[in-house]
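Please work through the exercises below with the sequence and the model side by side. Each task is followed by a solution in steps.

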Amino acid sequence: MQDAGAAISVRDLTRSFDRPGVPGAGWRRLLPGGTRGAPTVALHPVSFRVERGERVALIGPNGAGKSTTIKLLTGILHPSGGDARVLGRVPWRERTDLAYDIATVFGQKSQLWYHLPARSTFELLRHVYDLDAGVARRRVGELTERLGLRDLLDRPVRTLSLGERMRCELAAALIHSPRLVFLDEPTIGLDVEARQAVRAHVRELNARQGTTIFLTSHDAADIEQVCERVIVMQAGRVAFDGPVSTLRSRYVRGRQIEAHFLVPVDRPVDLPPGASLVDVEPQRWRLEVHEAGAPVGPVVAWLMACGPVVDLTVSDPPMEDVIAAIYRETAGPRVIPGGRP
Amino acid sequence: MATLRFLAHYVRANLEVALAYRAAFAAKVFAMVVNDGIWVAFWWLFFERFPSVEGYGFRQIVLVWAIGTTAFGLSSGIAGGASTIAAKIASGDLDFYLVLPKPPVLHLVVSRMDPGGIGDALFGIATFAFLARPSAREAVAFAILVVIAASIIVAYAVATNSIAFWAGRADTIAEQAMFGLITFSTYPERLFSTPVKAVLYTVVPAGFVSFVPVALVQEWDWGWAAVLVGVAGGSLLGSKAIFDAGLRRYASGSILAMRG
Ligand SMILES: Nc1ncnc2c1ncn2[C@@H]1O[C@H](COP(=O)(O)OP(=O)(O)OP(=O)(O)O)[C@@H](O)[C@H]1O
Ligand SMILES: [Mg+2]
């Protein structure tokens with residue numbers, strides 16, 4: 001796989017984890033780990049490719065293998081099998097060299113020194129990345145400007161709010177101007193405003209410097225507002241890989257029609273063919289037309305006949321619903337190896 | 001060189017933390033000094049009554065104590081992160097260090113500083129200076145030897161903590177192993193039989209942490225000094241190799257950490 005041009009190329013990557021079993025009998029109880037159960041397969045063979053400068057979201061329900069994928073691509077974990085290149089390097093073999101070119105942000109963990117101001121962590125990171133004092137100063141200045149850190153840098157990190165800390169966290173991750181950034185649930189736990197700040201900055205990073213973005217999230221807006229492409233994982237496999245726009249049509253057929261009435265209207269008894277009710281309030285009905293591309297004209301006409309319509313909107317289902325549909329699909333019987341494409 | 005500067009900045013960051021909690025830090029250092037002082041007072045009273053035990057006098061005990069406490073103090077005072085490695089392997093907290101440049105084991109070792117260790121080191125140095133009344137040559141030898149001994153202790157901690165890569169949880173094993181090394185290092189070599197000594201010059205390297213340095217402070221020997229430097233270098237490289245071999249087995253957010 002000579003894919004020096006791609007930011008990330010992954011081929012048949014697999015990873016299993018030993019499952020600690022029940023302790024053995026007799027003297028074997030003293031052995032660490034006990035008898036092993038069957039290993040958990042976190043990744044079945046997974047393959048995909050990300051070009052430089054792309055913004056890709058990796059989504060999927062809990063336990064799908066998103067974090068495992070990121071940990072393999074950053075060299076934190078060694079794979080059970082398969083091959084991967086990140087910026088032309090094999091992450092687990094050339095981890096330290098790769099570290100100069102990439103950044104990793106874990107939404108649930110902090111790399112800032114808790115008791116010190118963020119500025120001290122930056123200073124330490126300057127030496128970790130062998131940055132020139134001048135270069136580092138300019139870079140910190142730039143990040144301070146864009147992330148609005150002016151009043152935060154000199155306060156001990158433990159006194160910062162989660163959102164403020166996350167902005168410092170981003171700055172710490174970006175201090176060495178990485179060419180590729182991995183973000184594992186970067187907006188988890190943040191309020192609306194802080195989420196928007198993180199998204200805006202990640203977008204800007206990509207627009208200004210062409211930085212490749214690879215993020216995981218359960219938040220629909222992270223995907224819609226930051227990424228152009230989505231990879232859906234389900235039980236350790238890639239179930240979908242394509243533009244955000246086609247994600248909708250893959251998982252949710254049809255469109256939604258919402259009608260507002262001038263006066264309350266009784267709940268309908270019959271529905272036009274191909275439509276179903278999503279939500280009914282006396283003055284507002286929401287319907288779904290099942291087949292993508294099916295004409296909505298008859299349904300609109302039917303609604304007009306039901307009562308005095310004052311407003312009518314036809315729309316794609318919201319991204320939340322799309323994601324919910326994806327997660328629902330996996331929630332059924334657990335995928336059996338070889339059972340799904 | 002760049003590596004040394006990077007290590008120095010870790011120490012600086014640790015000192016900044018200590019400074020931010022000046023009172024707590026000073027209290028811990030002081031508590032350790034008092035704790036150590038009680039021991040020396042005990043030996044002092046002991047030798048007042050029995051001036052020599054098996055040919056050992058108070059000065060020998062002082063040397064064993066001074067070198068031991070200083071070396072162990074330096075190792076945990078500067079490289080206190082070494083003894084946290086097992087817990088971090090089990091909890092998956094190695095992740096941060098793995099995504100940074102520079103060998104992760106270096107980050108880990110200097111990521112924490114134990115104030116008690118600083119207290120030990122200060123006490124050890126004071127004990128040596130005031131109770132052993134060293135000559136200039138002895139003082140220079142002491143300064144060099146405690147640093148070498150401390151690096152062997154750090155290597156030992158890294159190696160024993162790395163067992164966690166294979167055993168899942170090893171913080172207690174590593175702790176016991178360190179405790180064993182400390183215990184054997186605080187008694188004179190003469191007390192041990194040959195088979196025990198064989199162990200003390202290999203798996204539990206009290207010989208190189210304590211016996212050899214104590215002998216060398218009393219009487220310099222280039223041959224033994226060279227052996228000691230070789231052992232220190234070898235064990236540092238060896239422990240790093242063990243750690244790096246273990247990394248291939250690292251499971252990150254390991255659920256093993258949740259087992260009782
Ligand atoms: N260290 C580990 N030891 C054992 N099993 C693990 C380990 N890490 C992950 N797994 C298992 O591998 C699978 C994938 O986990 P992973 O953390 O990659 O999921 P995820 O997609 O990131 O989920 P989430 O949305 O909850 O973060 C899960 O079944 C999980 O239980
Ligand atoms: Mg995850």
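Predicted model: local features only at pLDDT ≥ 70, side-chain atom pairs only at ≥ 80, totals over all residues.

Residues are numbered from 1 along each chain as its sequence is written, chains are lettered from A and ligands numbered from 1 in the order in which they are written, and side-chain values use heavy atoms, with hydrogens and water left out.

**Exercise 1.** Find where in chain A confidence is lowest and where it is highest among the named elements.

Step one is the overall level: pLDDT, the predictor's confidence in each residue from 0 to 100, has a mean of 87 in chain A, with 89% of the residues at 70 or more. Step two gives helix α10 (residues 319–331) of chain A as the lowest, at a mean of 77, and strand β7 (residues 212–216) of chain A as the highest, at 97.

**Exercise 2.** Describe the aromatic pair of Trp39(B) and Phe42(B).

First, ring centres must lie within 6.5 Å, and planes under 30 degrees apart count as stacked, over 60 as edge-to-face and the rest as tilted. Trp39(B) and Phe42(B) are edge-to-face, with 6.2 Å from centre to centre and 85° between the planes. Next, the two are about one helical turn apart because they lie three residues apart in helix α2 (residues 22–49) of chain B. Finally, ring pairs join both to Phe46(B), Phe47(B), Phe58(B) and Trp65(B) in a cluster.

Conventions:
Helix = DSSP H or I, 4+ residues; strand = E, 2+ residues; numbered from the N terminus. Phe/Tyr/Trp six-rings, centres within 6.5 Å; stacked < 30°, edge-to-face > 60°.
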